[in-house]
Amino acid sequence: MKRIWQLLSWAVFLALAVLPLLAGWGYAGAYSLGLTGLLSKGFTWGYWQAVLADPAFWRSLGFSVYVSVASITLATGMALAAVLAWRRELHRGWLSYAVYLPLTLPALVVGFAMFQLLAKGGLLSRISFHIGLTDSLVAFPDWVNDPYGIGIIVAHTWMAVPFFMLMFFNLFQSEGLALLGQVARSLGAAGRQVAWKVYVPVLLRRAYPLLVLYGLFVFGSYEAPLLLGAQSPQMISVLAIRKLQRFNLMEVPQAYAVSVFFVVVVIGFLVLMRRRGAAASLKI
Amino acid sequence: MRYFLLCIPFFLQACSSPSPAPAPDPAALSWEEVEQQAKGGAVQMMMWQGDPLINAYMNDYVVPAVADRYGIDLHIAGGQGNIIVQQLMAEMQAGKTDSELDLLWINGETFYQLRQIDGLYGPWTEALPNGQYVDWKNPFIARDFQQPVQGFECPWGNVQMAIIYNSAAVPEPPRDREALAGWVKAHPGRFTWDMHFTGLTFLKSLLIDIAGGQEALSGPFDEEKYRMYSERLWTYVREIRPYLWKEGKTFPEAVAPMHQLFASGELWFTMSNNDSEVDNKVLQGLFPETTRAYVWESGTIQNSHYLGIPRLSANKAGAMVVANFLLSPEAQYRKQDPQVWGDGTVLALDRLPEEWQQRFRELPGRKYAPRREEMQQRALPELAPEYMIRLADDFRKKIVEGSE
Amino acid sequence: MRRAIQSLWSLIWVLPFVLLLVLSVGRQWTFPAILPAAWSLENWGSVFAPGVHLGQSLWRSLALSMSIAAVATGLGFVTSRQIAYHPKKDRWLLLAYFPYAMAPVILAACLQYYFLLFGWSGKWAGVWLAQLCIAYPFGVIFFSGFWNQRMRSMEQLVTTLGGTTGQAFWRVLLPMSRGALLVCFFQTFLISWFEYGLTSLIGVGKVQTLTVNVFQYVQEANIFLAALAGCLLFLPPLALWWMNKRWLFRGSTK
């Protein structure tokens with residue numbers, strides 16, 4: 001009986017999580033090499049060469065890394081600070097309601113709302129005009145469609161902070177951190193020390209898989225950068241979709257090459273982080 | 001697992017040999033037989049659904065009308081040109097014999113792509129009884145992006161590009177290239193164009209103007225001409241670039257965000273491929289009432305949008321009956337009303353029965369755009385599709401990603 | 001001071017919602033006016049017009065997302081236990097990250113072919129399966145951290161005291177994980193509820209979830225309709241969350 005359960009579990013896991021991805025990846029790979037596709041003319045490295053030789057592709061890859069690292073770092077910092085400082089208020093009171101609201105908005109709508117808030121003609125610019133901070137629409141700084149990805153990072157941070165708070169808050173409970181804190185305190189640790197030496201390391205280590213997962217989500221995000229990003233550099237998904245769906249059908253295989261490359265980068269990164277993570281957890 | 005990966009390419013190859021559908025060809029039947037065959041069937045139409053007025057026209061008028069008169073169950077799904085192309089490509093690759101779609105709303109670049117992959121059924125438009133009211137020789141109908149239509153798509157509406165401006169901010173808008181250069185230098189940050197279809201149409205009309213107007217670039221793609229004139233176009237763009245929105249370092253992704261920037265007052269100009277969109281947007285309370293549309297001295301591109309039937313559609317007869325209804329004077333008349341949609345008719349008025357001619361003439365005009373007849377004199381034909389592909393590519397490489 | 005920072009903090013996360021609500025009933029919003037120049041319920045009226053079938057797609061979407069969330073959470077909970085106790089746990093878990101290693105839009109383009117091949121395209125069942133493929137791995141990853149030494153000892157304790165594996169599962173593990181299960185349910189519900197790329201491509205527009213129905217407006221020129229579409233998307237999950245809030249946060253503290 002137990003054996004059947006085990007087998008079933010693995011079968012479900014392989015069928016639902018692994019198989020579709022391998023199949024999809026295989027399709028993308030075959031497409032990028034000219035092995036399939038309506039307009040394909042047989043095997044060629046040409047699409048890969050075109051992609052890898054394009055400086056815009058590398059810029060876009062670097063830009064995507066930058067945006068995800070920046071967003072995750074900002075969001076982790078803010079969420080940790082808020083959870084540690086306001087543990088009590090997060091149990092009850094209107095703060096406990098307000099901060100979890102953003103979980104109910106999809107990225108495209110967040111992108112839209114951020115645009116209406118942060119653009120030169122947006123709400124913040126209007127408020128700053130009325131209180132005399134800026135004297136015209138043009139004087140307001142470039143926060144969306146800007147080369148530094150400010151709009152994209154703000155949107156992702158805005159979406160991630162509540163999610164991270166929920167996660168840290170639950171981990172705090174499930175790991176029995178309050179108790180650990182008391183122990184540390186009774187051994188003579190100051191409040192700040194407890195936070196830095198006990199809470200933060202434990203929370204970060206336990207949250208690590210989901211933080212990485214979220215980083216990947218930002219790395220591959222499409223909607224927020226589509227609405228809030230500049231035309232150059234573009235985030236990697238925006239670039240891939242442009243090649244997939246714009247005017248030149250000859251670029252479709254390139255889009256798949258970009259996707260395959262993208263997956264390779266992500267897996268390489270995951271493997272690297274896992275090794276490190278394993279090493280780090282041994283030390284603790 | 002490794003073996004599985006190895007299998008995938010073979011698997012794909014095995015499944016991708018397309019087999020043509022053996023369904024009876026409705027173009028060979030009489031119209032009565034077509035209607036008979038269509039009765040009781042379902043027609044799946046895919047079209048852009050981003051405008052509530054257009055959706056209301058389809059849902060509240062067309063869907064009940066074809067159900068009542070022809071017993072056709074019309075379903076509408078949302079999807080733009082690129083989604084349509086992607087869908088049909090994937091279907092053909094998967095070796096499907098029946099497409100999920102029966103009727104498509106397409107325009108030039110989608111037509112070009114669908115012909116490239118041989119995704120369209122045809123010729124079928126000659127069989128439509130309402131085709132008698134269409135002037136098939138009219139170059140704005142017979143040719144889509146310089147490609148002969150040859151009965152593979154049926155015209156549905158006709159529009160011309162218009163430049164839109166806020167008359168409260170810009171009392172005297174520039175009317176040609178030189179005037180625009182002078183205007184943007186005096187008003188930096190207020191003008192731009194988008195990276196998608198509309199912006200490229202704008203660049204195309206600049207290219208036509210640079211090449212010498214009207215017929216200078218008509219016919220198939222000419223590499224020599226393109227190289228010569230596009231170089232001059234980029235010189236011009238580089239000259240005005242520092243004075244464009246965000247100093248020309250980036251451009252709006254598509255026309256919709258550009259409209260939003262115009263509505264909030266960040267831009268003083270926007271543009272539309274549909275000359276009556278300005279009325280529609282003022283009516284919806286998006287654009288201020290001081291908004292106006294106009295056409296440059298050198299002209300703007302006019303084109304038609306069409307209805308197509310996928311080659312693998314399982315209900316071509318039903319699709320043809322719906323298309324025929326959409327082409328009827330009644331449906332076309334209603335569609336041209338600015339309160340309903342404001343899409344220009346493709347019917348030749350002089351071919352219509354007298355009473356319909358009268359009704360079309362009495363249609364309330366647009367309030368914020370010039371009259372169609374006025375614009376018609378400055379209508380430029382579409383260029384061969386390669387021009388747009390090259391312009392899109394070069395614009396990105398030389399201007400947007402360019403270092404200067 | 002503490003209160004002031006908290007209020008500001010809350011404001012940052014509430015403001016976009018207020019803006020969406022205000023814009024959904026507005027008309028003419030030109031710089032530098034803070035509020036729209038005119039108000040109208042016309043947009044709300046237009047989406048509830050008889051031809052739009054919004055109510056129908058609302059109920060269907062709710063049913064779809066609820067069932068996806070239930071199945072993904074349940075399967076994730078049960079199967080992640082096997083993976084978590086496997087000696088090569090990390091390697092297997094890595095595979096669960098795969099769906100997130102591809103941007104959803106690109107994943108959709110890659111999977112579209114297979115769904116067409118097997119004839120699942122354009123059907124609710126096909127969309128259901130496609131959504132499960134993204135929601136389920138989330139469940140696995142979500143619970144992977146849950147199966148720790150403490151849980152294992154708990155199970156062993158039950159067996160030592162003479163209980164069966166089934167009893168350990170139903171009487172101990174399940175009640176202990178109620179909080180986590182609810183959070184996972186909510187998250188997977190949202191994954192399904194907001195899913196657009198796969199749903200529109202695999203559903204070929206025939207499977208009209210609420211998201212597919214109104215998403216197009218968000219990317220169009222009319223900001224008032226876009227805001228309205230945004231409101232329609234966030235109100236149902238907000239209601240669900242409201243109902244569950246007690247469990248979500250207090251359940252785990254018990």
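Colleague: What makes a residue of chain A count as buried, and what share of chain A does?

Modeller: A residue is buried if 20 or more other C-beta atoms, placed from the backbone, lie within 10 Å of its own; with 12 or fewer it is exposed, and in between it is partly exposed. By that rule, 51% of the 284 residues of chain A are buried. In chain C, 50% of the 254 residues count as buried. Please keep in mind that this is a predicted model: local features need pLDDT of at least 70 and side-chain atom pairs count only at pLDDT 80 or more, while totals for chains, interfaces and linings use all residues. Residues are numbered from 1 along each chain as its sequence is written, and chains are lettered from A and ligands numbered from 1 in the order in which they are written.

Colleague: What makes two residues a contact, and how many residues does chain C bring to its contact with chain A?

Modeller: Their C-beta atoms, placed from the backbone, must lie within 7 Å. Chain C brings 64 residues and chain A brings 65. Helix 1 (residues 2-24) of chain C gives the largest share of the chain C side, 11 residues.

Colleague: How is that side of chain C divided into nonpolar, polar and charged residues?

Modeller: Ala, Val, Leu, Ile, Met, Phe, Trp, Tyr, Cys and Pro are nonpolar, Asp, Glu, Lys and Arg are charged, and the others, Gly among them, are polar. That gives 53 nonpolar, 10 polar and 1 charged. The contact between chain A and chain B takes 27 residues from chain A and 32 from chain B. Its chain A side has 16 nonpolar, 8 polar and 3 charged residues.

Colleague: Where is the kink in helix 3 of chain C centred?

Modeller: On Phe77(C), with a kink of about 25°. The bend there is the angle between axes fitted to the seven residues ending at that residue and the seven starting there.

How values were computed:
Helix = DSSP H or I, 4+ residues; strand = E, 2+ residues; numbered from the N terminus.
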